[in-house]
Amino acid sequence: MSYLNKSILSGFSKASCPAYKIFLNEAKSPRGLMILAEKNIPDKGFYDYCTCGACEVNGPVSKISLDEEIIRMRERLVEEGMTTEANLKMINNLKEKGNPFGSLKKGEIPEEIWDC
Amino acid sequence: MIQWFERLLTKSGASDDQRDRIVYAYDGSGIEGQTPLIIWPKDVRHIAHIMLFLRRIGANILIRGSGSSLVGGAVPQGDIVMDLTRFNRVIHLGDQEKTITLEPGVYLKDMNNLLKRYNLEFPIKPRNYKITTIGGLIATNALDSRSKKKGRAKDWIEYIEIIDGTGRLVKVDSDNLKFFCGREGTSGIIVKAKLKLAEINEDESASIEGFEYIEELTAKAEELSRREDVISVDYLDPYSSDILGLEPRYTLITCYSNKESGEITSKKELKDMRDKINELGFKFATRDYIYDFDAKIPEEKLTRFLNWLRENKIISSGYADQGMIHCYLKEETKGKADMFYEFVKSIGGDITGEYGVGLTKKKYVDEDYKNKIKVLKEKYDPGNVLNRGKII
């Protein structure tokens with residue numbers, strides 16, 4: 001139970017998690033994602049974690065950084081080709097245009113906005 | 001089986017996905033269970049229908065709110081998990097009559113945030129206040145540091161409605177709440193609750209006092225608990241005091257219902273102090289004290305009990321005026337739990353404590369309580385569909 005210390009298992013991190021409040025599914029909560037990270041299970045749900053840090057700021061004391069673990073799992077997802085359409089678009093735009101939303105004039109608002 | 005649930009609850013209301021089955025196997029206790037399926041009902045008629053179906057096919061369910069139980073109360077053991085957090089409407093707020101009627105999936109913190117504008121609150125705020133649902137609060141008959149004067153969750157309920165193990169909808173008045181409050185979901189699924197509310201009192205203060213000896217502390221605690229203006233009396237042992245940044249002595253933190261009796265009067269300081277006390281268990285967890293045990297000790301035995309903890313080098317904190325004591329153990333010393341509970345029972349203490357029985361305390365439950373649960377099961381859940389394996 002290396003990551004799953006009491007702080008994470010308590011579920012207190014859910015109290016301020018915006019992703020959990022939308023989905024109301026344990027698998028979208030910081031606790032759920034940390035359980036999956038502990039078991040090294042790649043799942044696209046890691047992309048739903050918005051890295052806002054609310055769980056770390058508002059939750060009780062934790063030994064580990066959730067952000068670091070989520071990012072570690074996302075790297076693994078990318079390595080295994082489990083990426084999202086939004087990710088692919090943004091990566092291609094970055095490569096071709098240097099901007100995740102494609103070619104834009106100064107002050108122009110992109111027609112489509114994605115996040116991962 | 002999932003197809004039946006998907007037809008009733010839609011595709012988003014049921015899952016046998018591996019990912020969901022893995023995360024729903026845990027609660028706050030760290031015990032890993034297993035479940036074939038998770039369902040998210042949002043309507044009381046669906047729940048009744050589900051109960052009839054489960055009885056027909058011989059399956060059983062585990063009722064889950066936020067999954068914050070520290071005793072394995074929300075760990076499935078092959079059960080279908082019924083997550084009630086989407087069953088979360090506020091049905092009616094009677095701010096003049098000071099009541100609120102709502103579904104069990106509402107989070108207590110969200111409810112109190114809603115009530116603030118009316119200067120009202122549900123006054124029982126257990127240690128897991130930030131995360132507990134109304135259903136969980138009722139199922140565990142929650143208490144907090146102020147329960148000596150305020151009572152427990154049951155004392156603030158006008159009525160509840162439950163679906164029992166046969167699919168029957170039952171309205172439960174205050175005389176019969178004892179059959180469902182504190183029974184950890186073994187006798188019925190709470191589907192509606194009408195709660196009484198209290199006005200928010202902002203005129204509070206606190207004081208902190210350290211002692212060399214346990215006998216001095218318990219004598220003072222007894223004196224304080226008899227005062228009209230005392231709301232709560234928290235107890236910390238030297239290690240707990242040190243963790244909270246206080247002198248490492250036996251400590252009492254007393255809260256008063258006025259601004260005159262205590263030296264600490266700042267609202268922020270009082271709130272921060274309460275949060276720190278409530279989250280003490282997590283601070284211990286970062287120091288590898290990952291096992292949290294609790295029990296209720298008779299007032300006249302408290303001195304003896306605290307001395308026993310000292311002799312056996314068991315760290316503790318709790319509510320001195322209620323005899324509710326929390327203890328913390330590391331992995332290598334968790335074996336002390338057996339002797340802890342045996343000692344609690346030998347001095348007439350209550351092993352259910354604040355957290356209930358769940359899975360972790362099952363082996364310590366006495367025959368009298370087991371029989372009470374069995375009687376409830378016969379009446380409300382003869383097929384043992386609900387939270388099978390919890391408590392008994």
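Modeller: The model is predicted. We may begin with its largest cavity.

Biologist: Which element supplies the largest share of the lining of the largest cavity?

Modeller: Helix H1 (6-10) of chain A supplies at least two residues of this lining. The largest share is 3 residues, and it comes from H5(B).

Biologist: What is the volume of the largest cavity?

Modeller: The structure holds 3 cavities of 30 Å³ or more. The lining of the largest cavity divides into 15 nonpolar, 19 polar and 6 charged residues. The largest cavity has a volume of about 710 Å³.

Biologist: How many charged residues are in the lining of the second largest cavity?

Modeller: The second largest cavity contains about 50 Å³ of space. Its lining includes A:Cys17, A:Pro18, A:Tyr49 and A:Gly53. The residues of this lining divide into 8 nonpolar and 2 polar, and the number of charged residues is none.

Biologist: Which side chain is joined to that of B:His326 by a polar contact of 2.7 Å?

Modeller: Beyond its neighbours within four places in sequence, B:His326 is in contact with residues including B:Arg127, B:Asp292 and B:Glu354. A polar contact of 3.5 Å joins its side chain to that of B:Tyr355. The polar contact of 2.7 Å joins the side chain of B:His326 to that of B:Glu354.

Note on methods:
Residues are numbered from 1 along each chain as its sequence is written. Chains are lettered from A and ligands numbered from 1 in the order in which they are written. This is a predicted model: local features need pLDDT of at least 70, side-chain atom pairs count only at pLDDT 80 or more; totals for chains, interfaces and linings use all residues. Side-chain values use heavy atoms; hydrogens and water are left out. On a 1 Å grid over the protein atoms alone, a cavity is a set of points where a 1.4 Å probe fits but cannot get out, and a pocket is an open set with protein on both sides within 12 Å along at least five of seven lines; lining residues have an atom within 4 Å of a point. Grid points are joined across faces, edges and corners, and a volume is the space filled by probe spheres set on the points. Helices (H or I, at least four residues) and strands (E, at least two) are DSSP runs, numbered from the N terminus. Ala, Val, Leu, Ile, Met, Phe, Trp, Tyr, Cys and Pro count as nonpolar, Asp, Glu, Lys and Arg as charged, and the others, Gly among them, as polar. A polar contact is a pair of N or O atoms within 3.5 Å; within protein, one must be able to donate a hydrogen and the other to accept it, and residues adjacent in sequence count only if both atoms are side-chain atoms. Contact means heavy atoms within 4.5 Å.
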